[in-house]
Amino acid sequence: FQGGDTCEYLLSSGRFLGEKVWQPHSCMMHKYKNSEAKNCLIDKHIVFIGDSRIRQLFYSFIKLINPQVKEEGNKHGNIPFEDKSSSIKVDFLWYPEVNGSMRQRIKSWTEGSVAKPHIIVVGAATWSIKIHNGSNEALAQYKINITSIAPLLEKLAKSSDVYWVLQDPVYEDMLSESRKMITNEKIDAYNEAAVRILNSSSRNSKAKVKVFSVSKLIAQETIMKSADGLHLPESSRDTNAMILMNVYCNKIMKPIDGSCCQPQPPLTLIQKMAFCFFTLSIIGYLIISLVHRNNYRKNKSCTDLESGEEKKPSISTPNISTLEMLLHSFCKLGLIMTYFYLCDRANLFMKENKFYTHSSFFIPIIYILVLGVFYTENTKETKVLNREQTDEWKGWMQLVILIYHISGASTFLPVYMHIRVLVAAYLFQTGYGHFSYFWIKGDFGVYRVCQVLFRLNFLVVVLCIVMDRPYQFYYFVPLVTVWFMIIYATLAIWPQIVQKKANGNCLWHFGLLLKLICLLTCIYFLSYSQGTFEKIFSFWPLSKCFELNGNVYEWWFRWKLDRYVVFHGMLFAFIYLALQKRQMISEGKGDPLFSNRVSNVLLFISVVSFLTYSIWASSCKNKTECNELHPSVSVVQILAFVLIRNIPGYVRSVYSSFFAWFGKISLELFICQYHIWLAADTKGILVLIPGYPMFNVLVSTFIFVCVAHEISQITNDLAQIVVPKDNSTLLKRLLCIGGFFSGLHLFSAIQDQSRH
């Protein structure tokens, strides 16, 4: 942390990721669309003053507003541009030299009640070098002229954004004979003079002329691609225009993935209350710890003065009170949430844009696969999808998803489609696991429901409060929560059909299948009736949970994307448990699941199906079309994997403890990555150690995994306290939770009203 202004970094430093992606030092740059640029610059007047290089920047800038603009007109004259729909005026004024004419034009904006431009971009020098054949007298005159203009620019900077564009280097080998006197040595001298003179009289003032020096760095990497050795290639000019747009618009538009030039958001009322709560929890825990320490010292073994023998107190483990465990958990959680806030809300740590390369995704995948295979152990049981195996499955999938997110692999469609299958596989396990529990146990009590809901949602609710984000922002948790409630409702409503009842009469199996068919019909209807779906989730209080950016479209899209896979998980669990009950499968250690012939046929079909899906996903050309097919076909690869993993007896009898360890904290890993591994709400990468990308990833990953593991323990501890088994106590806790959310809603309404 250098304490610098991210705007200064954006204007002065950075590097290329690949050939065309510019990465400013310490912050993220947003790629503005035409509509966003118009919204930002509405009713604004922007002026570009200078030579042909500034004219190029002018054209790149107005193309952000209207891509249809063509570079035509008098090259050595003024060029106006106006977008009437947004009342935006952008003018290029031809002043190739810093002289009296330029001074007079700038002075006209400082006098009287003349309307001043909102943004002024100035720069010139190469013409002075060319006309005067690079003489020292021309440089001396340039210093005199810029000295006379500087106070005027500084005066304008009090009410407008003023940028002085330093001169880019040239590619001397490509310069024409008439431009051979324009050397990089001369350009450096002119730039040095401009930097030294500008802001010399207002060094302590906030209103300064902003020096646009980053263009020099960009030109150093790209000028050799120039057509004439003097003018930048189009991609570099576009990058400069986008930087200029970020400098001015980020503080207005506040894009999530544009952290440069964005001020730290003010604390909301709810965030302040959360801070007070965690502070009181920490103080309370410290007080209790001090009291216990003093009591321990008093009870410490002491020497009997008469006999000289040591009397040892009886050794007993003190019972930790519920209050102490509660305060201890909230104390740890408070410190962790402080880290979350500092990483992704305070402008303390740096953030960088993602940049995808095949090596950045596939090499880490190979690393973790090797580690996973290395930590192979025998399972405690050899049933299909036993606990160790499902933990392993969740673990390796979560690690692959994490690598997918940090590498920015969503831009590569084949990888995206395979990751969609992994997300679907999580939901498949949701359907399989919860159906199996309710079918076998027949436990539809409130305690079970509350335990599951608490474990799924606790961390997300806390993050919604601390990070000031809506519930739907963490889309996966609402998704699994709703599907859990759908599974519960399907099996709990009359008639409740469970395995024990079905064993007595086979007709109950048909009754359950009828329930599943009704569920499938409802899913099919809602997936093709967006209006009905949105009406259901637009009712209060559901709208408070599922709205994002004022509507529930995002929620409908997420739900629709994997709409059938939970049903597939439930159906698979039903078929598997029915076969298991009738002893039609063999689950002994080392035994194949079916007879050798059937097992070999199923394995062959599974491998072919698995590879066929991968070939189809890898040949996808259009994300929208593939997303339409995904809900129906993703189950093919999921079932193929389950059969490949479970049909051979040996494969079913072993698991990777490395992957299983991560699988036990997979939910926490998925949620925590939003803010303390990635940054800017997953749009960028958190940078704790700038300048060393690999070392930074190692350090931030270590902290991230430790935090996720700790939060998992905190959630388990609090679940025992908040959701007790005693029904009367549980009812009281539920009333308290209801009161908490009512208060949260009230404060949220007050907060929203104050914002508006």
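Modeller: Helices (H or I, at least four residues) and strands (E, at least two) are DSSP runs, numbered from the N terminus. On that basis, Leu-734 belongs to helix α29, which covers residues 727-755. The model is predicted, so local features need pLDDT of at least 70 and side-chain atom pairs count only at pLDDT 80 or more, whereas totals for chains, interfaces and linings use all residues. Residues are numbered from 1 along each chain as its sequence is written, and side-chain values use heavy atoms, with hydrogens and water left out.

Let us begin with Leu-734. Its relative accessible area is 33%, so Leu-734 is partly exposed (buried means under 20%, exposed over 50%, and partly exposed in between, with a 1.4 Å probe and protein chains only). Apart from neighbours within four places in sequence, Leu-734 is in contact with Val-446 and Cys-450 (contact means heavy atoms within 4.5 Å). Val-722 lies 12 residues from Leu-734 along the chain, and their C-alpha atoms are 8.6 Å apart.

Further along, Leu-746 is also in helix α29. Together with Leu-269, Met-273 and Ile-750, Leu-746 makes a nonpolar surface patch of about 340 Å². The elements that contribute two or more residues to this patch are α10 (269-298) and α29. Such patches consist of residues with over 30% relative accessible area and no salt bridge, nonpolar side chains (Val, Leu, Ile, Met, Phe, Trp, Tyr) being joined within 5 Å and like charges within 9 Å. A salt bridge is a side-chain nitrogen of Lys or Arg within 4 Å of a carboxyl oxygen of Asp or Glu. Accessible areas come from the Shrake-Rupley method with a 1.4 Å probe, and for residues only the protein chains shown count as cover.

In soluble globular proteins, nonpolar side chains tend to be buried together. A nonpolar core is a set of buried Ala, Val, Leu, Ile, Met, Phe, Trp, Tyr and Cys residues joined through side-chain atoms within 4.5 Å. The largest one here has 135 residues, of which Met-337, Phe-340, Phe-361, Trp-393, Tyr-474 and Phe-476 touch the most other members. Helix α14 (residues 413-441) gives the most to this core, namely 17 residues. A second, separate core has 45 residues, among them Ala-37, Phe-48, Ala-241 and Tyr-248. Returning to Tyr-474, its contacts beyond four places in sequence include Val-460, Ile-671 and His-675.
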